[in-house]
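Here is a short report on a protein model. Look at the chains first, then read on.

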There are 2 protein chains.
Amino acid sequence: MTAAPHSPYRRSTALMTDHYELTMLQAALAEGSADRSCTFEAFTRRLPEGRRYGVVAGIGRVVEALHDFTFGDDELAQLAPILDEATLTYLSNYRFDGDIDAYPEGELFFAGSPILTVRGSFGSACILETLILSILNHDCAIASAAARMVSVAAGRRLIEMGSRRTHEESAVACARAAYLAGFGSTSNLEAGRRYGIPTGGTAAHSFTLLHDTEEAAFVAQIASLGVDTTLLVDTYDITQGIATAIKVAGTDLGAIRIDSGDLGVLARAARDQLDALGATKTKVVLSGDLDEYAIAALRSEPVDVYGVGTSVVTGSGAPTASMVYKLVEVDGRPVAKRSENKKSYGGRKSALRRYRDTGTATEEVVYLADGPAPESLANDKILPQPLLRAGKPVEGLPKLQDSRQHLAAALVSLPWAGLKLSRGEAAIPTTSLIP
Amino acid sequence: MTAAPHSPYRRSTALMTDHYELTMLQAALAEGSADRSCTFEAFTRRLPEGRRYGVVAGIGRVVEALHDFTFGDDELAQLAPILDEATLTYLSNYRFDGDIDAYPEGELFFAGSPILTVRGSFGSACILETLILSILNHDCAIASAAARMVSVAAGRRLIEMGSRRTHEESAVACARAAYLAGFGSTSNLEAGRRYGIPTGGTAAHSFTLLHDTEEAAFVAQIASLGVDTTLLVDTYDITQGIATAIKVAGTDLGAIRIDSGDLGVLARAARDQLDALGATKTKVVLSGDLDEYAIAALRSEPVDVYGVGTSVVTGSGAPTASMVYKLVEVDGRPVAKRSENKKSYGGRKSALRRYRDTGTATEEVVYLADGPAPESLANDKILPQPLLRAGKPVEGLPKLQDSRQHLAAALVSLPWAGLKLSRGEAAIPTTSLIP
């Protein structure tokens, strides 16, 4: 089955699924338990070591992916050797028709936050596990790392340029997650097409090397892209590169970029040199193995823009978000795996966040959705929001820009210590009212 | 433009590209340098810290992706606001028509190995940078980690089950890379469809929790999937779970799976219990946060199969392979960025590997393709092979199965110390004959 015209997927997403989900379905169909009413929850048992918060991302992509989660002739032919006739018939009619609630994209999460809750028959909900987790584990990991970079950049602009360091489709999702987290633009043109994210970039070292001299390269670039462009000045000698750049472009040059070396020292020297040459408005763009710690270290240096690649698309040490998708309720009965050291509570959960009157978050409270409600205080905010009802996306789901603003506001709501880069406790405590 | 019917891509891959590649192209077209004859090389400056070898993977995916690298109406419309008319016209006629050589998939690589070489006009070769690097950086990282797991598993079967821990499309490529590296199967159904990789899996904890008792779950699974299935026995109490499994399935049960706890102790206890129950042929499958070190630690335990997830799809600490794509030659002239601590040699390179008569590799030799050839010894093997000629894939490119066998043989060729898990030097030295 070919995916819908608007979709990023070439074909149905239904085979982006683990084999065992369909064999479980078959066994459940055979004995009649596949239509038991179930609740599955996606959550993480822990944040990556020392991280103080996570950022919810990928919810919009889950909606896209579920739209295309159908079994057409090609999918059924692929599955015919491994599934019985009854299961193939079930799948041929399958479209998720249950309810999903989720934290909005751009919301913060912590260990135990019930980020996404799927309610439906066992059969309909169990087979979504892999696809939902793939999207959440990837996108939350990237957005969580990106938000730390945005936070320490303290208003300076960030460009996501890590496409080459990750799978080509993952790269598009990384650009989306980084933009959600507050990056200003991406180098990835497909992300521009698919999500409307601003794209940018000017030239690489190869462009300079193509020419007999650096000056010839700069002349060619200015002639084609105008003086507002960014000239890459570190192919040979940076001081000479900057002098040549201003000689060629004049003092209205948009920016210079330095991609190697001791960036702090070089930024200061470049700024001084540009100012001395009269190019006081020419910006300094730094790139080259930057991560949140390097960005923090550059805080007092005269930098205008950071280009970030590898570290953001690999989650800066935490490339996956450790989300799990657990069955927590069957026909209204709480269920949980017995476990000595894993916290898996049975029962469908909800959560709220509490705030001071000043807007500072104080705690997250996780409670049973069908149990006694927690004490209601002024400023409480219920976190999960309806996402799908009877299989259909609810009206008015937030757009990427909304989610971006949501996160910017959420980060401001954290106590100051919660934004520290250093390893430590969660930014706010989570209170569990689960028995 | 819609991609070809066989393609994994929904649309043209041409926008899986960094913005700056097209602005460089525009500037080069405007001044007439876009048709200079160029060579770009993909290589890594270093292996991940302490790793002794890397595994080439993704070459077949590069061929797939380049097939769909064309600019149709939709791509051109997206680019119209940022590029001039001449560039758009160039792109509308674009199809890569140069030559590519590459190490075969499944070959080993080391720091400085010229893994992939693109020859063509500057314009035609420069715009492939991001897509080629995305594929190589991702797939080589996964295959390199997976090969270490295969190596220490010492013949025991490995199942790749990490789809949920990475981007949904990355998951398919991970399954491919892991299979290439010697994993026996994957949980990912789309990888089964796209690449013909064997898929497998039986049941998760949710299937047990769906039922009122573990026994009822096992009865349902056996009834539908037969006694050759794998029963997951650690939802409640493992000893009780194994007893129930054999009670329900009899001693012909295919396997039991344990997904949590101290796997070494549990494997031994499970084996003893199964044997005592007469289920001497029932296999023991272990999963749950396994990586190459955990697999090595289980070497003396009675384990039959390992299920590996997170660690393989995240490259086990090295999620990207640090490949770069550098312009090394323009109109026959070697070029290189000046750099104090990065090794970037100008000039087009080739490489050969030397072997003892016993088949053990002794060194890799990197040399200028147009320079004096290195001394020719018996058993030398030239590493780069033709991949595309005049833009067309050469006849008889290896299939995934061939590449899998290629790697199995290559790993056997390494000196014993080269297969050690511990951090250390490259398995064989690389001799550079570059001036």
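Which residues form one aromatic cluster? They are A:F40, A:F122, A:Y325 and B:F207. Keep in mind that this is a predicted model.

**Aromatic pairs**

A search of the whole structure finds 14 aromatic pairs over all chains. One of them joins A:F69 and A:F71. Their ring centres are 5.7 Å apart and their planes meet at 85°, so this pair is edge-to-face; the cut-off for that label is over 60 degrees. A:F69 counts as buried, at 1% relative accessibility. A:F71 counts as buried too, at 4%.

B:F40 lies in strand β1 (residues 37-44) of chain B, and B:F122 lies in helix α5 (residues 122-126) of chain B, so the pair ties together parts that are 82 residues apart in sequence. B:F40 is buried, with a relative accessible area of 1%. B:F122 is buried as well, at 0% relative accessibility.

**Charges over rings**

Two arginines sit over tyrosine rings, as listed here.

| Arginine | Ring | Distance to ring centre |
|---|---|---|
| A:R176 | A:Y195 | 5.3 Å |
| B:R404 | B:Y179 | 4.0 Å |

**Two copies**

How is chain A laid on chain B? A turn of 180° and a shift of 0.0 Å along the axis do it, with an RMSD of 0.0 Å. The two copies are therefore related as by a two-fold rotation axis. The same surface serves both copies: 99% of the contact residues of chain A recur in chain B. Which residue of chain A comes closest to the rotation axis? That is A:R10, with its C-alpha at 1.8 Å.

**Two domains in chain A**

Chain A is divided into domain 1 (19-142 + 318-432) and domain 2 (152-317). The C-alpha centres of the two domains of chain A lie 37 Å apart. Their contact takes 22 residues from domain 1 of chain A and 23 residues from domain 2 of chain A.

How much area is buried between these domains of chain A? About 1,800 Å² is buried, and carbon and sulfur atoms give 61% of it. Three residues stand out on the side of domain 1 of chain A: A:I142, A:R404 and A:L421. They supply 38% of the area that this domain buries against domain 2 of chain A, more than any other three residues.

Notes. Residues numbered from 1 in each chain as written. Chains lettered and ligands numbered in written order. Predicted model: local features only at pLDDT ≥ 70, side-chain atom pairs only at ≥ 80, totals over all residues. Heavy atoms only, no water. Phe/Tyr/Trp six-rings, centres within 6.5 Å; stacked < 30°, edge-to-face > 60°. Buried < 20%, exposed > 50% of the residue type's maximum accessible area, 1.4 Å probe, protein only. Helix = DSSP H or I, 4+ residues; strand = E, 2+ residues; numbered from the N terminus. Lys NZ or Arg CZ within 6 Å of the ring centre and 35° of its normal. Least-squares fit on C-alpha atoms with pLDDT ≥ 70 in both. Contact = heavy atoms within 4.5 Å. Domains from an automatic or database assignment. Buried area = accessible area lost by both parts, 1.4 Å probe.
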